[in-house]
Amino acid sequence: MHSIWAVAKNTIKQALRMKVAVIFIVLLAVLLPFMGISMTGDGTLKGKLQSFVSYGLSLTNLLLCLLTIVISVYTLTSDIKQRQIYTVLTKPIRRFQLLLGKLLGVVLLDVAMLIVFSAVIYTITVYTPKFFNTSEAELTQLNNEFYTARASLVPNEIDITKETDESYERLEKTGQLPPGVTDSQASRRGYKRALANRIELSKRAATVGQDLLWEFNNVKPLSSDQSLFIRFKYDVSVNPPDLQVFGRWNIGDYRQIKYGTQIDRPIYRFDRKDLIRTFYEIEVPADAVAEDGYLAVSFLNVPLNNTVVIFPLKDGLEVLYKADSYTANFLRVVCLILFRLIFLACLGILASSFLSFPVAILFCLVIFFASSFSSFCLESFAYLGEGASGVYSYTMKPIIQLFPQFDKLNPSKFLVPANLLSWSLLARVAASLVGIRAVLLWLLGLLIFSYREIARIII
Amino acid sequence: MEYAVETYSLTKIFSDLWGRDKVYGVDDLNLKIRHNEVFGLLGPNGSGKTTTLKMLLGLLYPTKGRSVIFGGDGSDPKINARIGFLPEESYFYKYLNARETLDFYGRLFAMPSKVREIRIEALLDMVGLKAVAGRPVGTFSKGMARRIGLAQALINDPDLLILDEPTTGLDPIGTKQIKDLILEMAGRGKTILLCSHLLADVEDVCDRIAILYGGRVQAEGEVKKLLQQTNKTEITTGSISSSAVEKIKRIVKDEHADCNVSFPMDKLETFFIRTVADAQKQGRPTSGAVSITQIGEFLTAKSAGKSILDKLVSEPVSGKTDQQPSVTEQPSAVETSVNKTNEQLLSELTKPVEPVQPTPVVKKELAESIEKKLEQKKRDILEQLTDGSGASQNKDKKKAGHHRGDSSDA
């Protein structure tokens with residue numbers, strides 16, 4: 001333990017005195033307050049705060065990630081290259097202790113920097129309203145839509161394979177299949193896929209006069225006197241002249257009507273006109289939720305419109321409700337960044353166990369950026385790999401899936417729309433990112449480092 | 001366990017990218033180094049000396065064969081704790097200063113902080129870097145870096161000291177000091193493995209040597225036996241009259257042997273040390289290392305019964321500050337050096353050390369008062385030491401004994 005701690009302390013000194021960390025610290029120390037003053041967003045106070053949190057956290061996250069990669073790679077490769085490791089490893093220290101000490105040093109430095117900079121961001125976001133003449137209404141809006149942590153529910157994906165098959169069989173029986181479809185396996189599969197897309201689209205598209213219904217279970221707001229928010233975005237088949245869509249929304253427990261019982265929970269109705277392709281939120285009192293956590297949301301494409309209204313696949317509609325405080329959410333988001341940094345530190349140590357400094361840095365950066373755009377990578381590889389599906393799914397796919405998916409858990413994705421990052425999600429991230437991936441990387445690094453001839457110069 | 005270090009047909013082959021054998025770094029090496037022996041590994045550049053050391057310490061893995069240190073593996077922390085290693089070049093963290101460097105290495109041995117502090121101060125004193133202890137090691141000259149390297153190798157008071165080219169880059173005083181240190185450590189029962197191509201240094205200190213060439217041992221044996229010329233006799237006298245010389249020549253002629261009379265010159269080493277001593281006497285400031293040939297007390301202390309660690313912990317209790325032990329060393333060094341001419345010169349070096357240190361120049365009055373107090377303290381301690389402790393007398397004898405052989409050429 002003594003030796004691990006000695007190595008950790010030395011690593012921190014190295015990072016600070018070799019001025020690697022200092023550059024990043026100065027950059028952040030200058031940029032964050034500057035951003036706090038200069039960010040305006042969409043002109044409202046909420047917009048200002050949102051853009052500050054978004055850019056501030058993203059910048060902190062990016063710089064700390066790069067710093068972690070640089071330090072964790074530098075600390076071991078320079079020891080090996082400048083041969084200080086000769087005098088260290090001949091002292092009573094085992095190789096795993098050296099690697100553990102290096103990791104501990106980098107992580108401790110990360111923790112310290114993260115605490116400082118997230119404290120700066122937090123303080124600026126919390127105290128900004130006090131420096132502006134904030135109206136009561138604006139404050140309420142901020143409290144509802146920014147200084148909070150809202151749980152988000154999205155509609156369940158509906159399994160449409162059965163429906164597709166049935167529809168295909170019906171068409172086949174009645175002889176309505178277009179000519180040439182039954183010629184080969186491939187063309188049949190292609191037609192089925194097109195059919196599935198059409199059915200899937202119909203589940204989230206409303207023709208004129210048609211309504212769409214979404215049902216949610218497990219809606220658990222903090223208390224029933226608070227508000228729910230329905231966040232949505234319209235897409236259309238034909239652009240209306242003023243780019244606006246009329247909609248009638250009904251929100252409440254639909255089952256009351258279905259089964260003809262007396263209505264004892266309110267069902268709220270909203271008639272609105274909104275711009276297409278823009279996010280809107282409808283505020284609904286939380287007593288619309290049934291006692292068992294059931295909530296139904298319906299949208300009617302009123303005949304005033306002359307277009308099909310489509311809700312985009314990923315973010316077309318979600319139900320938001322307050323589930324925790326801003327502070328707690330902020331803390332968890334910071335933890336999220338920390339887990340990412342721990343992963344990168346282990347990656348850096350693995351890379352420097354067998355590569356020289358420039359190569360190891362490149363290696364880490366490639367993995368870092370691939371992880372930051374993981375969904376893009378996965379999609380494009382899946383597309384490219386279609387031709388060689390067998391080869392692809394047994395070689396590239398598992399490797400890409402080993403990469404963490406940083407973009408799916410972007411810190412600003414939670415704080416900007418005040419989305420709840422739940423403890424359970426955080427724990428899952430910790431387990432998969434730190435518990436499994438980081439530990440595996442570190443162990444692999446140790447394995448290589450243990451069998452490596454330290455004094456052997458690798459060119 | 002008869003031997004401290006053993007190798008069994010130790011072989012290292014450096015292969016190329018395709019795994020083909022390329023260079024025999026070390027070839028079938030069988031070394032046996034006894035306990036308490038000063039062993040010299042000699043050889044021209046690239047003969048496999050450093051490769052052998054690296055294999056002993058587990059920095060390289062042998063292609064074939066095995067090496068054993070103290071009955072164990074050279075990369076085992078338990079064995080490492082008893083080894084001090086000075087690599088061929090000084091590789092240190094450039095951003096740490098001398099004191100922090102030693103502190104870092106001390107921590108790797110899990111030394112209690114008290115012991116660490118005392119040893120660091122003693123070692124800094126010993127290698128003459130106390131005045132520059134706060135400077136980053138990266139700004140050190142080669143010789144100064146070498147000194148800090150030596151200090152880190154000694155911080156655990158090792159049972160086996162492995163020195164790779166210990167005297168390269170050092171000034172003659174430093175070289176002399178290392179040689180003294182080697183003899184001192186050997187006197188205390190330590191084993192020393194020395195690797196060098198500076199033959200004069202090896203000749204002075206080694207009991208046994210092995211000469212490597214092409215990774216193979218070409219010659220091995222005791223230095224005295226290997227070098228002794230049985231057909232010659234050398235007589236050295238004090239200043240005598242020319243008639244006496246003639247008499248001696250006649251006697252030798254009667255023995256039917258050739259006689260050659262010459263007047264020995266001062267060794268350049270001696271002359272150099274004297275010159276530097278004079279400069280130090282005049283109090284010329286230096287930003288470099290201040291050479292004094294005293295050896296850290298914890299390295300010279302007898303480990304009879306009590307472990308050295310215990311001793312170190314118990315010692316500062318009598319004194320008031322942690323600096324105490326380094327003060328107590330001063331008189332003992334002066335005391336021992338009275339015996340020998342070489343030592344006399346060196347003791348002169350020890351005296352002007354105080355004025356050279358930067359503070360007195362700035363605050364002269366304060367420094368003088370402190371110096372007086374220090375002087376008083378030294379005297380007190382000196383009295384204590386000379387009064388009763390048999391150990392210190394013993395130590396002196398030991399030291400004197402070593403220098404007899406060493407300085408006979410002076």
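Two strands pair if DSSP finds at least two bridges between them. Strands themselves are DSSP runs of E, at least two residues long, and helices are runs of H or I of at least four, both numbered from the N terminus. Keep those two rules in mind for the tour.

The model is predicted: local features need pLDDT of at least 70, side-chain atom pairs count only at pLDDT 80 or more, and totals for chains, interfaces and linings use all residues. Residues are numbered from 1 along each chain as its sequence is written, and chains are lettered from A and ligands numbered from 1 in the order in which they are written.

**Stop 1: chain A as a whole**

Select chain A. Its C-alpha atoms fill a box of roughly 80 × 70 × 40 Å along the principal axes. Its secondary structure comes to 16 helices and 11 strands. Of its 459 residues, 34% count as buried, meaning that 20 or more other C-beta atoms lie within 10 Å of the residue's own; 12 or fewer makes a residue exposed, anything in between partly exposed, and C-beta atoms are placed from the backbone.

Now colour by domain, with bounds from an automatic or database domain assignment. Domain 1 of chain A covers 2–148 + 325–360 + 406–429, and domain 2 covers 206–323. The C-alpha centres of these two domains lie 38 Å apart.

Contacts come next: two residues are in contact if their C-beta atoms, placed from the backbone, lie within 7 Å. Among contacts in chain A between residues at least 6 apart in sequence, 84% join residues at least 24 apart.

**Stop 2: the open sheet of chain A**

Select S1, S11, S4 and S8 of chain A. These 4 strands form an open sheet in the order S1-S11-S4-S8, with antiparallel pairing. S1 (149–153) and S8 (280–285) stand at the edges, each with a single partner strand, so one side of each has no neighbour in the sheet. The twist averages 30° from one strand to the next; axes are lines fitted to C-alpha atoms, for helices over the stretch in contact, and angles run from 0 to 180 degrees between N-to-C directions.

Zoom in on S1(A) and S11(A) (residues 317–324). They pair in the antiparallel sense over 5 bridges.

Which residue of S11(A) is the bridge partner of A:Ser152? A:Leu320 is that partner. A:Ser152 lies in strand S1 of chain A. It is partly exposed, with 17 other C-beta atoms within 10 Å. Leaving out residues up to four places away in sequence, A:Ser152 touches A:Glu318, A:Leu320, A:Asn419 and A:Leu420.

**Stop 3**

Move to chain B. Here 6 strands form an open sheet in the order S6-S7-S8-S4-S9-S10, and the pairing is mixed. S6 (83–86) and S10 (216–222) of chain B stand at the edges, each with a single partner strand, so one side of each is left without a neighbour in the sheet. Neighbouring strands are turned by 15° against each other on average, direction ignored.

Select S4(B) (residues 38–42) and S8(B) (residues 191–196). They pair in the parallel sense over 5 bridges. B:Gly40 stands opposite B:Leu194 in S8(B). Beyond its neighbours within four places in sequence, B:Leu194 is in contact with B:Val38, B:Phe39, B:Gly40, B:Leu41, B:Leu163, B:Pro166, B:Val202 and B:Cys206.

H6(B) (residues 172–187) lies across S4, S7 and S8 of chain B, at about 150° to S8(B). H5(B) (residues 142–154) lies across S6 and S7 (160–164) of chain B, at about 165° to S6(B).

**Stop 4: where the chains meet**

Show both chains. 24 residues of chain A are in contact with 23 residues of chain B. On the chain A side, H1 (2–17) and H4 (84–89) each supply at least two residues. H1(A) gives the largest share, 7 residues.

**Stop 5: the core**

Finish with the largest nonpolar core, of 178 residues. Such a core is a set of buried Ala, Val, Leu, Ile, Met, Phe, Trp, Tyr and Cys residues joined through C-beta atoms within 7 Å. Select A:Cys346, B:Leu123, B:Ile148 and B:Leu194, which have the most contacts inside it. H10(A) (residues 326–352) supplies the largest share of this core, 16 residues. Domain 1 and domain 2 of chain A each contribute at least three residues to it.
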